[in-house]
Amino acid sequence: MKFYFKVLKNYIKGKIEPLRLKEIIEKKSFEVENFNKDFIEVDILPNRFPDAANFWGFSKEICSISKLKLKPLNVDFKEKIKDKPKLKLKFDVFYTLRIVKNVKNGDSPKWLKEILSLYDQKSINFLVDLSNFLMLELGTPIHIFDLDKIKQPIEVRFAKNGERFIGLDQKEYILSSEDLVIADANGPIALAGILGSDRARVDLNTINIAIEIASFPQDLIYKTQRKLKLFTEAGFRFERKIPQSRVILASKRICSFLKNFEIGPLLAKKEEAPQKIIFNFKEVSGLGIKISKNRFKKIIKKINFKIQEIKNNIFLIEKEPDRIDIESKEDILDEIIRIYGYEKIKSVPLNQNFKVKNDEIYDFEDLLRNTATFLGFDEVVTYSFIGEKDLEFLKNEKLFNGNCIEILNPTRPEFKFFRPTLLIGLLRAGKLNLGFFNKVYLFEIGRVAYFKGKDIIQKLHFGAIQVSRTKEDLVLFKGKIDSFFEKLNLDFEIKNNLIYSDKKIIGKVFITDYLDSKIDGSVFYFEIYIDEILNILRKEKVRKFSDIPKFPATFRDLSFFILSKISYNQIEDLIFKAGGEIVEKVEFLDYFIKEENLSYTLRIIFRSKEKTLKEEEVDEVFEKIKKEIEKLPIKLRS
Amino acid sequence: MDWREKIKNLKEDFEKKLEKVETKEELENLALEFLKRKGKIANLLNFFDILKKEEKKEFGISFNEIKEFIQKKIEEKRKIFETKKADSFDLILAWPGKKQYLGSVHILNKEKKEIIKIFNEIGFSAIDSPEIVSEYENFDSLRIPKFHPARDLWSTLWVKERKDILLRTHTSAFQVPYLNKISPPCRAIFVGKVFRFEATDRRHEIQFNQIEGLLVDKKEEVNIAQLKWVFEYFFSKFFKRKADIRLRPSYFPFVEPGFEVDLRCICKNGCNICSYKKYIEIAGAGIVHPYVLKQAGLDVKNYSGFAFGCGLERIVMVKYTIPDIRYFLSGDLRFLKFFI
């Protein structure tokens, strides 16, 4: 809120020095957003809004943090008539009403117009301007009804479902039973705390008025404003709550401007007694400062709280009733430290002996990052959201067929769902980078989420992608996947685009050589489920060292075309079976593709535990292997 | 042929051949061709016998000259080859090599690791926390009631099918769940993504990361002076310079007293980074409100704590003077590879 120094002068004795004031406000009260020689604009957060976001309250705040003194507020007036309005409170609320008769409405005095113009408010007529001014001065929204336009009694009640209300803005609002209204026999005359009605508004012919000042429940105003998408200055203030003490003060203050008219008595419930807080002086140790009891008492008095030591170190503090943000001893501590000065806190080291244990995921993430970067992948972080089209794509490609978590209020259509896979973000990043590179390798570690029944499942995944403008060799990418798992020390197998390990699904792959007109090259992708992998690795047992072999190895290479789909395991099993004990291992050596025929070369390593193998022995076994292998749908190359 | 001519031809022949020599091996072959026993030079001696007596002296001088000349040239070339080899290693090492392509770690994750390391040094453990949480965890447990404008300080993305579930707007949402899992004393940091319903621009994103710190201990062990020290320690290490910290009153419903933490900018009289304010808003912090501790069933008579929250992107942007928060999620390698 903006405060003009020339306005503040009406409330503060002594000379205001803008720059010094700005500095002290920043240190002790509020964040200063704007400042010059004429005004200061501060950000008053919801807790202090009720008491401080008005001329009177802000002046009080200034006086509690500086040496300036407050001028008393003029609240002099005399009641001249006994008329009371007929009021029915169907809902318990702190509500005051007062009748003033024989008023003369007209043009506002110059001072009033001037102040309103500082806040870009047009002068309407004296009564309206006065209520607008008091909202700025005391923070209390005030509503003035033309009494002659109302059929009493006045009721405070909830609207009926579908009840219609025409506001001051000439717009019609359809209300429900959660909206609080002020009504007469003919229906609503105000949407409580938010907007007056056209029907009961004061105009230049108004003679008799009823002045309403209240403290409506915050939550009701909050809900109604949002439901009707109707936001007013009054509503904004009621959401932040109006202190009852201010309601009473405003009811007097407004009368001081209406002294020439016939003022009636105030119809009001009794104010709540100001809350008292018991405060143990020892609590100040939590502030990390050394402060004397005397200094402490002075600070409490400076903010206009009453204080009394009821036992040694035990104080009874009665807060100033406008300060509805003060509820407990913690709030008192907050007052002490800000007034005393945060800058006086000298840092003190923490005790250094504290056992540290990070969640295991952090080490594992490191391993994944090191491995991926070593294999030439660059890490990206992408949005955790996908759009409708992305989801459709995932379903078509059978990459996700569960229930996505839909966002109620997405900021953009492409952020409609929480991502169930990392693929979409990586694809987006891949496509973007094809603008600058011909081929990119990217990876991401991040959370995905989806529904499982009614439950929300959140999992940490790792995804890695190769996106390229040209057709690429999948065998090379498969090699990266193999190396990746080798580093994780995990056996795996890919079947029907799913990655398995320990008989569980631990990931998926997505391979295509045409994605859209932008990527008519190739996209290779694999994603793994970190939680599942950690579960498997946790069960892992120590693999005992088998001694370095005593006898030399020898090898034979086996080259063949694959004629129809056949699993690698099948070939490997057959080699071990046919070759017997002396087959130590089978390794990938090379591959090539000729006219779409895939050829692999495997290297078979032979070794005996007892002796150096003779070439003839190996040849014999190798021939046997070849014979067996030929039964499979493969064609041996010589 | 006259022996003089023969010597002249031999010299020309040698010089031509020497010029063509490119390897050490070729040089040695050339040396053999001319200098070996029965080589081209030795063969010249055949003239000696048929020379007239008076010519013999002249021939002898010429013969020695050419022999020495060839020996000298060969020797020179040998030296060149030897030094050439050494020189080429030097050269290669001074030139760019053929690189193995290495991937890079995202700058946020690199910094996250560094941050965890720094906090580990002062007893804080890194704890993993979920991104989709209940309304209770994100708001109610932190004294941010329903239908209260305090909620508007965090604009929220909600889950459509479940009214009580949302994308956490701050890492503080994990305070109560974490305190429910452990028993104090504790020191923890939660680093992770948070989400806001917000328009994006250079300084705002709908998705960013926060670092949350939480310490709970016996009441007499907890105070703001230590919290200030934690900030000084952390930011000095993180920014690799002595961090000058300022605390300023503010309001967060779940801490009381609550304050903002500002870092003195490196500039002298104001600059772009600090928007000419000389201080940079860098974190929010305070003493944990007993209401929050009570949500986790802690005995608030004996226990107290402090908490702080700080934007990861924000401090990384300050550290490296990155002008636009949207770079982090752009996936643009031209940005990401800068930080390899």
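**Reading the two chains**

Tutor: Let's start with burial: 38% of the 340 residues of chain B count as buried. A residue is buried if 20 or more other C-beta atoms lie within 10 Å of its own, exposed if 12 or fewer, and partly exposed in between, with C-beta atoms placed from the backbone. For chain A, 37% of its 638 residues are buried. This is a predicted model, where local features need pLDDT of at least 70 and side-chain atom pairs count only at pLDDT 80 or more, while totals for chains, interfaces and linings use all residues. Residues are numbered from 1 along each chain as its sequence is written, and chains are lettered from A and ligands numbered from 1 in the order in which they are written.

Student: How many helices and strands does chain B have?

Tutor: Helices (H or I, at least four residues) and strands (E, at least two) are DSSP runs, numbered from the N terminus. Chain B has twelve helices and ten strands.

Student: Why is chain B called more spread out than a compact globule?

Tutor: You compare the radius of gyration, taken over C-alpha atoms, with the globule rule, 2.2 Å times the number of residues to the power 0.38. For the 340 residues of chain B the rule gives 20 Å, but the chain has 40 Å, well over that, so it is more spread out. Its C-alpha trace spans about 130 × 45 × 45 Å along the principal axes.

Student: And which domains does chain B have?

Tutor: Domain bounds come from an automatic or database domain assignment. For chain B that assignment gives domain 1 (3-94) and domain 2 (107-339). The centres of these two domains of chain B, taken over C-alpha atoms, are 82 Å apart.

Student: Could we finish on one residue? Which residues does Ile118(B) touch?

Tutor: Leaving out residues up to four places away in sequence, Ile118(B) touches Phe234(B), Lys237(B) and Phe238(B). Ile118(B) lies in helix H5 (residues 107-121) of chain B. With 17 other C-beta atoms within 10 Å, Ile118(B) is partly exposed. Ser88(B) is 30 residues from Ile118(B) in sequence, and their C-alpha atoms are 46 Å apart in space.

Methods:
Two residues are in contact if their C-beta atoms, placed from the backbone, lie within 7 Å.
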